[in-house]
Number of protein chains: 2
Amino acid sequence: MSEAGGRVPSQLRKGVLEHCVLALLRNGPRYGVEILAELSAVSVMTTSQGTIYPLLSRLRREGLVDTELRESPSGPPRRYYTLTPVGRATLTEFTQAWPLFRDAVDHFLNDPQGESA
Amino acid sequence: MSEAGGRVPSQLRKGVLEHCVLALLRNGPRYGVEILAELSAVSVMTTSQGTIYPLLSRLRREGLVDTELRESPSGPPRRYYTLTPVGRATLTEFTQAWPLFRDAVDHFLNDPQGESA
DNA sequence: CCAGGAACCATGCAATGCAAGATAGCTGCG
DNA sequence: CGCAGCTATCTTGCATTGCATGGTTCCTGG
């Protein structure tokens, strides 16, 4: 309630979450719950296990990430995800495409008359 | 292919197109084909009739826009869309939420180490 | 052994962009 | 008038993907 201004429609995340996960993996291998936590550290990206596990499975199926099961110091084993060359290339593509999209949205939101420069 | 750098995944548009249309309508009433043209003027927002007509129907059904059928100086009648107060409020909400989302994505894409500025 | 938590995964649903195609009105031409 | 071609609107079916829900496995502590 009263978060009208801060609420981000979940549809916005479509097609973006995937690339944010790839971006996280640039920093080194991560496992599911860890990825979930790092995403949720930025509130508008907060999501759930029901979102990222299917997402991670898809990334693996499509060859964008490799996985490796490692024992945990305490608890069940963790599945670590690592970028493959294909995953890295996909991330690079997105990194180039994103500013175009972002600026286009800014254009429509900020340029009512098409005036400006 | 080979457009890797400029290609914007269509999933990116999800939930955004709707608000870009609302933003367009701030400039006054528009009809379908006209909206399609103004969106396509920004290449990454190029879309098709099969996308905007269902979208416009939904906006009308949800009370975000009003419609009015007007004769065309030449051709079939056109259905003009106008923002309702609800539509205007929805647009305002999105205008506030968008920068949060945009900056979050920028954060993940540009901040590999979390080193910040 | 049992309780509880950490970690993983699968299933079904909802929202929405899109391709393809159908319909209807207007204009110009013969 | 009759037809071609354009403008404009709308419908249907599909693919993608975020999400809620629930279930399973492994480890630790008592």
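These legends walk through several close-up views of a predicted model of protein chains with DNA strands.

Residues count from 1 along each chain as its sequence is written, while chains take letters from A and ligands take numbers from 1 in the order in which they are written. Because the model is predicted, local features need pLDDT of at least 70 and side-chain atom pairs count only at pLDDT 80 or more, though totals for chains, interfaces and linings use all residues; side-chain values use heavy atoms, with hydrogens and water left out.

**View 1. How confident is the predictor about chain A?**
The score to look at is pLDDT, the predictor's confidence in each residue, on a scale from 0 to 100. Chain A has a mean pLDDT of 89, and 89% of its residues reach 70 or more. Go to residues 1–5 of chain A, though, and pLDDT stays under 50. For that stretch the model has 4 contacts (heavy atoms within 4.5 Å) beyond four places in sequence.

**View 2. The sheet of chain A comes with a helix packed on it.**
Helices (H or I, at least four residues) and strands (E, at least two) are DSSP runs numbered from the N terminus. Chain A has an open sheet of 3 strands, ordered S1-S3-S2 and paired antiparallel. Strand S1 (30–31) and strand S2 (65–70) of chain A are the edge strands, each pairing on one side only. Two strands pair if DSSP finds at least two bridges between them, and S1(A) and S3(A) are joined by 2 bridges, in the antiparallel sense. One residue pair to look for is A:Tyr31 with its bridge partner A:Tyr80 in S3(A). Helix H1 (residues 17–25) of chain A packs on this sheet and touches S1, S2 and S3 of chain A. The direction of H1 makes about 90 degrees with that of S3(A); axes here are lines fitted to C-alpha atoms, for helices over the stretch in contact, and angles run from 0 to 180 degrees between N-to-C directions.

**View 3. Chain B has an open sheet of 3 strands.**
The order is S1-S3-S2, with antiparallel pairing. Strand S1 (30–31) and strand S2 (65–70) of chain B stand at the edges with a single partner strand each, so one side of each has no neighbour in the sheet. S1(B) is joined to S3(B) by 2 bridges, and B:Arg30 sits opposite B:Tyr81 in S3(B). H1(B) packs on the sheet, touching S1, S2 and S3 of chain B, with its direction at about 90 degrees to that of S3(B). Between S2(B) and S3(B) there are 6 bridges, again antiparallel. Here B:Glu68 has B:Tyr80 in S3(B) as its bridge partner.

**View 4. Both protein chains come up to DNA strand C.**
A residue is near a strand if one of its heavy atoms lies within 4 Å of it. Of the 29 residues around DNA strand C, the nearest are A:Gln11, A:Tyr53, A:Arg79, B:Lys14 and B:Thr47. By class, the surface near DNA strand C holds 10 nonpolar, 11 polar and 8 charged residues. Nonpolar takes in Ala, Val, Leu, Ile, Met, Phe, Trp, Tyr, Cys and Pro, charged means Asp, Glu, Lys and Arg, and the others, Gly among them, are polar. Of the atoms of DNA strand C within 4 Å of the protein, 68% belong to sugar or phosphate and the rest to bases. Zoom in on the arginines: a polar side-chain atom of A:Arg79 is 2.5 Å from a phosphate oxygen of DNA strand C. For A:Arg78, the distance to a phosphate oxygen is 2.8 Å, and for B:Arg13 it is 2.8 Å.

**View 5. Which residues come nearest to DNA strand D?**
Of the 28 residues around DNA strand D, they are A:Lys14, A:Thr47, B:Gln11, B:Tyr53 and B:Arg79. Sugar and phosphate make up 68% of the atoms of DNA strand D that come within 4 Å of the protein. An N or O atom in the side chain of A:Lys14 is 2.4 Å from a base oxygen of DNA strand D. B:Gln49 puts a polar side-chain atom 3.1 Å from a base oxygen. H3(B) gives the largest share of this surface, 5 residues.

Terms used. Polar contact = N/O pair within 3.5 Å; in protein donor to acceptor, adjacent residues only side chain to side chain.
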